[in-house]
Every structure is written in C-alpha cells, then in structure tokens.
Amino acid sequence: MADLAATRLSDKEDDFRPAGGLQLAARQLLRNPAATIGFAVLTLMVLAAIFAPLISPHNPIQIKLSAKLQPPSAVYWLGTDHFGRDVVSRLIYGARVSLSVGLLVILFSFSLGVPIGVLSGYVGGRLDATLMRLVDAFLTFPPLLLAVAIVGLLGPDIQNVMIALGVVQAPVLARLVRASTLAAREETYVTAVRALGASPTRIIVGHVLRNVLSPIVVQLTIGFSAAVVSEASLSFLGLGTQPPQPSWGRDLAEARRFMTDAPWLFLAPTLTIMLAVLSINFVGDGLRDALDPRSWVTRRRATQEADD
Amino acid sequence: MTAGPFIEVKDLKVHFPAPKNLFGSGGAIKAVDGVSFTLERGRTLGLVGESGCGKSTTGYSILRLIEPTSGQILIEGQDILQLPQSQLRPLRRRMQIIFQDAGASLDPRMPVGDLISEALEIHGLWPGADRRRRVRKLLDLVGLSTQHAERYPHELSGGQAQRVAICRALAVEPQLIVCDEPVSALDVSVQAQIVNLLQDLQKELNLAYIFISHDLSVVRHVSDEIAVMYLGRIVEKADRKRIFEGAAHPYSRSLLSAVSIPDPDVEQRRRRIILSGDLPSPANPPSGCRFRTRCPIVEEDCALHDPPTRLLEPTHGAACLHIQKSQELLKWT
Amino acid sequence: MALLEVENLRTRFATDRGVVRAVDGVSFTLEQGEVLGLVGESGSGKSVTSLSLMRLIREPPGKIEADKLVFDGVDLLKASESTMSSLRGGKMAMIFQDPMRSLNPVLTVGRQLTETLRRHLRLDGDAARRRAIELLEMVGIPLAEKRLNSYPHQFSGGMRQRVMIAIALSCNPRLLIADEATTALDVTIQAQIVDLVKRLTRDLGTAVIWISHDLGLVAGLCNRVNVMYAGRIAETGSVRDVFYRPSHGYTVGLIGCTPRVDRVGAPLTLIEGRPPDLIRPISLCPFLPRCAVAIDACNKTMPAMNTIEAGHAARCHADLSVFHQKGAA
C-alpha cells in the first residue's frame with residue numbers, strides 16, 4: 001500500500017521541490033513557545049523604538065521639577081524621575097539606544113570575530129598561531145576595563161562605546177568559532193567536498209560556517225545581553241550616552257540614588273533590560289534548534305518508514 | 001592517449017611526523033612506505049589489510065586528500081603529484097571517493113538534491129534548468145527516487161546514505177572511485193544491495209575501483225586483483241584467483257584463515273593460523289621483514305633482510321624470503 | 001533444569017510516535033555450556049533481547065514483560081534492583097562492541113578488575129590482585145602484572161576487548177552475553193577472541209549468547225542459532241539445521257546475500273526493502289514485503305512456529321526444501 005502511494009507521488013511531482021530550509025527553520029522556530037514569545041516581545045520593543053515620537057505619552061527629556069519623583073499614576077504610568085521626566089517615555093526612547101547598541105555590537109563582533117575564527121581554524125599553521133596570540137592578548141584584559149580604555153582613547157560617545165564593546169566581544173567569538181571550525185574541518189563531509197574539488201571559499205562558507213552557526217548564534221545572543229548591560233556601566237561612568245539622552249542603562253544607573261524613595265525608578269529599567277535579555281536568549285535558543293534540520297518536522301517523516 | 005595503464009602508482013610513500021616525546025623528535029610514522037601498483041579502467045583492485053596497515057592512507061593520497069611524501073601517481077601517463085594545488089580541480093573530476101560512514105560524508109545541513117547539484121555546480125556541469133533534471137537522472141541511476149532529493153541526511157537509512165554518496169561521486173563523471181570500506185558499516189542485506197549497485201555501475205560506466213576493505217569475503221566478491229598490505233607495504237599482489245586459492249605470503253595466508261565462513265562444517269574442519277599479538281607501531285617497524293614479529297614461519301634471517309618482491313607468476317608477486325616454506329603452510333590451512 | 005528460560009518476552013518502548021514493540025514474543029532456553037547465536041539485522045531486537053535479560057532497559061520509557069524469565073533459579077522479572085546488580089557482572093556478564101566506552105578511562109585496568117572482584121567475590125586486596133593477574137593471563141595479555149597499572153587508552157582495540165572479557169569473566173559467570181563483541185576488530189584479532197571464547201566455554205562451562213550479524217562467526221562458534229526479524233524469532237535450530245536446512249524466507253535471504261571468502265559466487269541475491277516499522281501492528285509475516293519465496297498462504301494468515309524436526313522450528317508457510325543442502329561433512 002505504502003509503495004503504491006509513494007509511486008503515485010513521484011509520478012505527479014516529477015520534480016523535487018527546492019529545499020525551503022529557511023521556511024522549515026522559521027516554522028520550527030514558531031513551534032517553540034518560548035522563542036515565539038521572545039520574538040514577539042523583541043518585535044514590540046523594536047516597533048516602540050522606531051515609533052517612539054508617536055507613542056511616547058510625554059517628552060522624555062523635558063524637565064518638570066514640579067512633578068519630580070511621582071509614583072506611577074494614570075498620567076505617569078510608571079512614575080517620574082528626579083527631574084520630573086516620564087519613565088515610560090524614557091524607556092521607549094531608551095530602547096532606541098539600548099537596542100541599537102545591542103544589535104550593532106553583535107554585528108560588529110560578528111564581522112570581526114567570525115572571519116578571524118574561521119580563518120584561524122581552517123587555515124591553521126602560522127596564521128592561526130599569530131591570530132590566536134593576538135586574540136589571547138585581548139582576552140587577558142578584564143572586558144569592562146578594556147572597553148573603558150578604548151572609549152577613553154576614542155572619546156566618550158555612543159558610537160565609540162559600540163566599537164569598544166564590539167572589540168571586547170570579538171575575541172571571545174573568534175575563539176569559539178575557531179574551536180568549532182577545527183572540529184568541523186575534520187568531519188568526513190568536509191573531506192568529501194574537498195574531494196569533489198570545492199574551493200576553500202565554498203568549503204568555508206558553504207559547509208564549515210553553516211555547521212558552526214549554532215554556537216555562533218548562541219554566543220551572539222549572549223553578546224547582545226552583555227552589550228545592553230555594559231552600555232549601562234559605561235554610561236554610568238559617563239563614557240556612553242550623555243545626559244539628558246535616555247538609555248536603559250543610564251536611567252538604571254541614575255535610579256540607584258533613589259532606590260528607597262522611588263523604587264519604580266529602579267525597577268522599570270531593570271525589568272525592561274531583563275525582559276529584553278530573556279527574550280533574546282529565548283530567540284537564540286530557539287534559533288539554535290531551528291537551524292538544525294534534524295529538528296524539522298516535515299511531511300516526509302510520516303512516509304519515510306514505508307519505502308526504501 | 002598514452003599506451004600505459006590508466007593509473008600507475010610508483011613507490012608511493014606517506015610519512016607523518018610522529019608526536020614528539022620528551023627527548024625531542026619522534027621520527028616519522030611511515031603510514032605508506034613504498035607502494036606500487038597499476039589499474040585499468042573497468043577493473044577493481046582490492047586493498048586489504050588490518051587497520052593501521054596504510055590502505056586508507058594510500059586511497060586518500062591517490063586523490064591528494066593527503067599529500068604523499070614521495071613517489072609517483074600517473075594517470076594516463078601524467079604525474080598528478082606534480083600538479084600545483086590550483087590545478088587539482090580537473091583531477092577531482094576524474095577521481096572520486098566514497099567513505100565507510102556515508103552519513104557523515106554528507107553535510108547534515110543540506111538536502112540530498114543540493115548535495116548532488118553542488119557537485120555539478122563546482123565543475124560547472126549541466127548549468128541552468130538542466131541541472132535539476134540531471135540530479136533526478138543521477139538519483140535514478142543509484143536506485144533512489146526524486147522524493148529522496150528533498151530529504152536531509154539524517155532522514156536516510158545507512159544504505160540510502162551510501163547510495164547518495166555514490167550518486168554524488170558519479171555526478172562529476174569520474175573514471176576512478178576509491179571505495180573506502182563502503183559497506184563495512186551496513187547490515188548484510190543492505191551490504192549486498194550496495195555491492196551489486198557498485199558492480200552494475202562499474203559495468204555500465206567502465207569505472208575503475210580501488211576497493212579498500214578489511215572484509216576479505218566482500219573483497220573476493222568484487223575485486224579483479226588484490227593487494228595485501230602490512231605496515232605500509234604491499235606484501236602480496238595477484239589476481240583474485242591466485243590470492244584466494246594460492247596465496248604465497250604467510251601474512252596473506254593468516255589473514256585468509258582468520259576469516260570465518262558461514263558454513264558450520266567447513267568451519268569445524270578448518271585449521272586456523274592464529275596470529276599472536278597486534279600490529280607493531282608504524283613509527284618503529286621491525287627490522288628486516290616487517291611481518292616477522294607475528295609470522296608463524298619466521299627464520300633467523302628474516303630480521304636481517306628486507307624481503308624483495310618476488311614474482312611467482314607474471315601477475316603474482318610476494319615479498320617473503322621463505323615462500324617455499326610458506327607454501328608448505330598452505331597445505332594444512 | 002535449563003540455565004536460562006525465556007518465555008514470550010515482550011519489550012516495548014514508548015516514543016512520541018507511538019509504542020515500539022522492539023521484542024515481541026521471544027522464547028528460548030539456554031543450557032549450561034551452550035553457545036547460542038542471535039543473528040539478524042539492526043533493529044531486529046537482538047540487542048534489546050539481551051539487555052532485557054540483564055534488565056538494563058530503562059523503565060520507563062521501556063517496559064519488559066514475559067510469561068517466564070528465569071535465570072539460574074532466579075525470577076528476573078520479580079528480582080529487586082539489588083539482586084539484579086549483584087547478578088550483573090557476577091553470574092551474568094556482558095561485553096559490548098565498543099570496549100573503550102565500557103571501560104573507565106581515568107582508572108587503571110587493574111583497579112577496574114580488582115574492584116569487580118572485591119565487590120562480587122569479597123576478595124581482599126592481595127587476593128584480588130593475584131586473581132586479576134591470573135585473569136589477564138588467561139585472556140592472553142602478555143606481561144599481565146605490568147599491564148595492571150596501564151590505563152585503557154594504552155591498550156589496542158583487541159587488547160581492550162580482552163580486558164573487557166577478563167572483567168566479564170572475573171566472577172566466574174554462568175552466562176556471558178557478547179553483543180557484537182568483535183565487530184569493530186580486525187579479522188586476525190577477531191579470530192583470537194573467538195578462539196578465546198571457545199576455550200572458555202569448553203574449560204569453564206560458561207554459557208554464551210553471541211549476538212552478531214556475522215554469519216561466519218556464528219557458524220564457527222555457536223551450537224544453536226536464533227534468527228531474529230522484527231522483534232521475533234523467525235527460525236531457531238542447531239547451526240547445522242539453520243545453515244544447511246534454512247526454513248524461513250529470511251534465513252534463506254540472509255545466507256544468500258552473505259559473500260563467502262572460500263567461493264566466488266554468482267551476484268549476491270538481494271533482500272530488497274527495509275524491515276517494518278515496529279510501531280505499526282503486524283498481522284501477517286513481517287518479512288512478507290521483502291520475501292522472495294512467499295506463497296498464497298502468506299497473504300492470508302500469520303505463520304505459527306512450525307517444528308521441522310526436533311529442536312528446529314521456523315515461523316514460515318513456504319516449503320523451502322529446495323534450498324536445503326547437505327553439510328560439507
């Protein structure tokens with residue numbers, strides 16, 4: 001019976017369908033509730049950041065001392081800070097800084113760390129030795145100290161903070177990618193495509209990178225969280241966002257002074273950062289699983305046992 | 001077109017640096033140490049021996065997946081070891097390899113259709129719309145259907161994975177395929193399917209096979225000629241009939257007698273040469289004849305002289321100082 | 001009384017796709033000193049059968065049931081976990097395909113051997129050490145005393161398998177289960193191990209269940225064979241019965257597709273297709289879709305276990321006498 005069905009199928013569909021790997025990965029991602037929720041939360045945050053001027057109830061930087069340190073109310077949903085600025089509006093505008101810091105930092109560390117790691121691992125030899133000593137040198141510094149030093153060198157400015165944090169994160173990524181590449185390089189499937197005559201570029205981009213993607217994705221989500229939090233620390237030191245510009249980290253740092261008098265001031269950015277970090281981690285974990293074809297549920301699975 | 005054999009391997013050596021010990025250099029591991037043979041298209045050379053004898057290293061070096069230390073590999077007269085790395089691609093079209101663990105030889109993140117069309121893409125074969133048609137044709141050739149093209153490697157059984165690997169190798173229209181233990185990991189019923197498939201393809205496409213295996217029963221079934229390797233050397237080489245019915249080297253004889261036969265009475269009556277101990281380290285092979293430490297008929301002079309290959313027939317050579325005595329041994333095994 | 005009695009053994013696994021009946025109604029007995037071969041392809045239930053005997057199936061998701069499962073007078077189904085763990089490695093020992101995984105890489109071989117001896121036989125340090133050396137010598141490891149202090153990675157594959165056999169034999173087991181124990185080894189080493197096992201059964205009277213897909217090994221080593229397919233025994237008999245008078249379509253196919261080193265045959269006969277999905281209910285002979293000798297009756301009823309002659313039975317409708325031959329003896 002099963003054989004008959006299979007024959008009919010292949011007659012009707014003379015051609016095989018394109019792989020549709022991305023579609024299947026996306027479908028798998030949406031089957032994961034945590035990743036779906038994380039994805040939704042992040043989307044909302046990004047939308048809020050983009051449309052900040054339209055949705056913010058108040059001006060985030062206008063000082064109104066008469067309304068300072070107000071608890072949450074119908075007018076100020078999450079209260080006001082010590083300058084009387086609306087916390088909700090500051091969080092919405094702060095998303096612009098914090099999310100772009102997170103995103104650009106991982107982009108920067110990705111474009112720096114991944115090529116170094118892959119080249120080092122795949123080519124090996126002297127190149128590997130040189131690159132890795134360089135990476136090790138960076139890794140010996142405490143990360144925040146290194147970032148402070150770089151920003152100090154480039155000047156206090158949010159762009160420089162992003163560069164600094166990217167430089168700090170890249171070596172970690174490079175190490176990880178190198179290790180994964182070393183393992184992938186020894187896989188039989190790499191030998192097999194080498195035997196087919198594939199160029200090194202094809203092998204690295206088409207096969208090695210594709211297979212070390214999972215650890216990279218996980219590391220990048222960790223990097224995103226770290227960047228959001230580090231931006232807070234650097235801003236606190238006066239090296240990042242300059243007042244009165246809102247950012248989650250800055251606001252959090254300032255709120256510490258009023259922790260007992262106005263706990264909402266402290267809680268709001270803390271919870272927001274937590275929510276963002278959790279969401280991105282959920283999405284990262286989901287992505288890692290979803291990118292693995294072994295997790296994909298396909299219509300083939302059902303017929304697979306029946307034919308040969 | 002030259003008149004020589006399709007492929008001729010001359011005095012191939014592959015030495016790896018041994019791991020260094022406390023006292024400095026560890027010397028060289030002579031994985032392959034002077035291997036020579038020839039092979040014509042449409043024929044199969046079986047390469048047998050225990051693990052560590054250098055049979056797989058030999059196969060890998062022929063494709064230059066491992067760079068040999070010295071020697072010559074002539075394909076229709078052209079020494080491919082002289083080719084610079086950049087000119088290897090045309091060579092890859094002429095020679096392919098399939099592996100023991102076929103599943104692992106397929107990128108787990110690519111569906112079968114992509115894996116096969118990639119091979120075509122690398123060499124710019126069948127461009128455009130023809131490529132997908134070609135993939136279907138190739139799948140059909142190895143007994144798979146179009147729907148297998150959509151599958152990912154983990155969705156394939158062991159036998160199907162090996163069919164896909166064979167299919168991908170055939171995509172570039174090679175003349176020689178190195179088969180590295182292609183059926184060792186498969187169940188017997190599937191093993192027979194793959195063996196028959198390889199034989200049919202050989203007839204149809206006039207392929208030369210170098211069939212590397214430790215399973216002498218399968219090797220006997222598929223090979224025209226057989227080379228027995230021990231510690232980096234070919235100790236005996238002959239056509240199939242001679243090896244299986246009149247092997248002269250004591251190692252070949254021991255290897256043959258160790259293979260079990262699915263026949264209870266035959267097993268009962270057989271007498272085995274049970275070799276003692278394991279393969280010596282290739283970093284430090286015994287002096288003289290390398291087999292002497294395990295040889296059932298060893299003599300004193302075996303430690304002194306490296307035995308040359310003696311021709312017993314025009315197509316049958318064995319490297320043993322005491323072939324006469326070895327053939328006595330033949331009588332009771 | 002038989003050493004081991006298995007009646008209607010059923011082992012199932014709950015999976016997210018449904019219940020897999022990995023072993024479905026297996027019965028056999030094993031006498032002392034007997035070597036029983038279990039052959040079949042992967043997924044036929046041969047390994048699960050042996051793991052069920054040792055109660056090494058994780059429950060759940062697994063579930064072992066049987067009408068009778070008695071080893072040396074002990075009801076294995078009712079035995080407590082502590083009884084089982086004293087049986088395992090004691091009276092019942094098992095060796096696996098990959099000795100590296102069964103040995104602890106950070107302990108010396110001597111330590112691993114003496115530990116078993118001290119635990120099961122309550123030997124003191126010195127006695128355990130002496131016995132360990134004796135065992136290593138028995139399985140043919142040269143310089144046994146020195147080798148006690150070596151770690152597993154310092155042994156070759158064949159030597160490691162010998163160490164595993166030494167550990168398995170350390171407490172004089174009545175039953176040794178070898179699951180593809182020589183599959184990963186070279187033929188020359190395989191021959192050494194088989195030779196060793198033969199000697200042990202002869203000298204110590206140990207019963208052996210030898211699980212292998214290598215028909216040649218089974219022919220040379222075993223007294224009796226159970227051919228397994230789809231979690232059931234397809235055919236059972238003495239090695240000569242099964243190899244010379246195969247009475248099940250699957251056995252005929254299996255012999256036909258096995259190449260022989262002493263013969264150049266015609267192209268190997270094929271068993272097309274794949275074994276059935278053990279989640280689906282089986283109402284006819286599970287081998288039917290792949291069978292080359294099926295007859296009308298096969299499409300109607302499930303064949304029962306037919307006794308062909310004393311000790312030789314098969315679950316097959318077809319008359320396969322055309323495939324029968326005399327032994328070479």
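I count two residues as in contact if their C-beta atoms, placed from the backbone, lie within 7 Å. With that rule I looked at chain A: among its contacts between residues at least 6 apart in sequence, 70% join residues at least 24 apart.

I noted that this is a predicted model, where local features need pLDDT of at least 70, side-chain atom pairs count only at pLDDT 80 or more, and totals for chains, interfaces and linings use all residues. Residues are numbered from 1 along each chain as its sequence is written, while chains are lettered from A and ligands numbered from 1 in the order in which they are written.

Entry on chain A. I looked up its secondary structure and found 13 helices and 0 strands. Helices (H or I, at least four residues) and strands (E, at least two) are DSSP runs, numbered from the N terminus. Of the 308 residues of chain A, 40% count as buried (20 or more other C-beta atoms within 10 Å of the residue's own, C-beta atoms being placed from the backbone).

Entry on chain C. Its domain assignment, automatic or from a database, gives domain 1 (4-222) and domain 2 (228-323). I found 28 Å between the centres of the two domains, taken over C-alpha atoms. Their contact takes 23 residues from domain 1 and 15 residues from domain 2. On the domain 1 side, E2(C) gives the largest share, 10 residues.

Entry on chains B and C. I found that their contact takes 34 residues from chain B and 40 residues from chain C. On the chain B side, H6(B) gives the most, with 7 residues.

Conventions:
A residue is buried if 20 or more other C-beta atoms lie within 10 Å of its own, exposed if 12 or fewer, and partly exposed in between; C-beta atoms are placed from the backbone.
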